[in-house]
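User: I have a model open and want to learn how to read its features. Can you walk me through them?

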Amino acid sequence: MERTLWVIGLLALFALCIWLMYRGWQNRAARQESSIGALPTVPADLGAQVLEPTTGLYLGSTMAPSWQNRIAVGDLGFRATAELTRFERGILLERDGATVIWIPQESITAVRTERGHAGKVMTADGVLVVRWKLPTGTEIDTGFRGDDKSVYPAWTRQTDAGTMTGDDE
């Protein structure tokens with residue numbers, strides 16, 4: 001009987017911990033809601049494709065400059081397999097099971113490689129990070145771990161005269 005009470009008590013403690021984590025995530029989303037606002041919509045005309053699509057894992061978006069302050073609003077904080085494509089007018093991030101993220105060219109402030117992002121730590125230069133400004137003026141970092149890391153230099157190079165990249169910082 002004593003063992004049964006211990007098991008029930010531990011299960012109750014476990015359930016309480018899960019509920020508290022869920023409430024914490026909801027509270028974080030509520031605090032971030034006003035600074036995130038609505039994401040840019042994908043335009044009808046994306047312009048010419050500048051870089052081939054790159055497959056990989058979307059690691060999440062964080063509040064710049066903190067690489068661990070994950071955004072909890074909507075589905076921006078959830079990891080998903082994704083495809084990243086660079087167009088003349090911006091970057092299109094198509095995620096499996098989540099909304100598409102459009103990063104307009106004029107919003108991009110840097111494209112660089114990092115060792116870690118959103119709680120995921122890799123080898124040196126293992127994560128491609130795009131820093132961009134939301135319509136609210138908030139700067140965020142969007143992390144992507146590509147299946148083929150050899151394409152990262154093409155992403156970090158300046159693709160047109162108005163674009164600042166990780167090499168320019």
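Analyst: We start with the whole chain and then turn to single residues. This is a predicted model, where local features need pLDDT of at least 70, side-chain atom pairs count only at pLDDT 80 or more, and totals for chains, interfaces and linings use all residues. Residues are numbered from 1 along each chain as its sequence is written, and side-chain values use heavy atoms, with hydrogens and water left out.

User: How many helices and strands does the protein chain have, and in what order do the elements run?

Analyst: Helices (H or I, at least four residues) and strands (E, at least two) are DSSP runs, numbered from the N terminus. Here there are 2 helices and 9 strands. The order from the N terminus is α-β-β-β-β-β-β-β-β-β-α. The C-alpha trace spans about 75 × 35 × 30 Å along its principal axes.

User: What share of the residues in the protein chain is buried?

Analyst: Buried means under 20% relative accessible area, exposed over 50%, partly exposed in between (1.4 Å probe, protein chains only). Buried residues make up 39% of the 169 in the protein chain.

User: Is Thr85 buried or exposed?

Analyst: Thr85 is buried, at 3% relative accessible area. Its place is strand β2, residues 80-87.

User: Which residues is Thr85 in contact with, leaving aside neighbours within four places in sequence?

Analyst: Contact means heavy atoms within 4.5 Å. With those neighbours set aside, Thr85 is in contact with Gln49, Leu51, Pro53, Gly90, Ile91, Leu92 and Trp155.

User: Where does Thr138 lie?

Analyst: Thr138 lies in the loop between β8 (127-133) and β9 (139-146). Thr138 counts as buried because its relative accessible area is 15%. Its C-alpha atom is 8.2 Å from that of Ala64, 74 residues apart along the chain.

User: What polar contact does the side chain of Thr138 make with another side chain?

Analyst: A polar contact is a pair of N or O atoms within 3.5 Å; within protein, one must be able to donate a hydrogen and the other to accept it, and residues adjacent in sequence count only if both atoms are side-chain atoms. The partner side chain is that of Thr136, at 3.3 Å.

User: Is Trp19 buried or partly exposed?

Analyst: Trp19 is partly exposed, at 49% relative accessibility. This residue is found in helix α1, residues 2-36.
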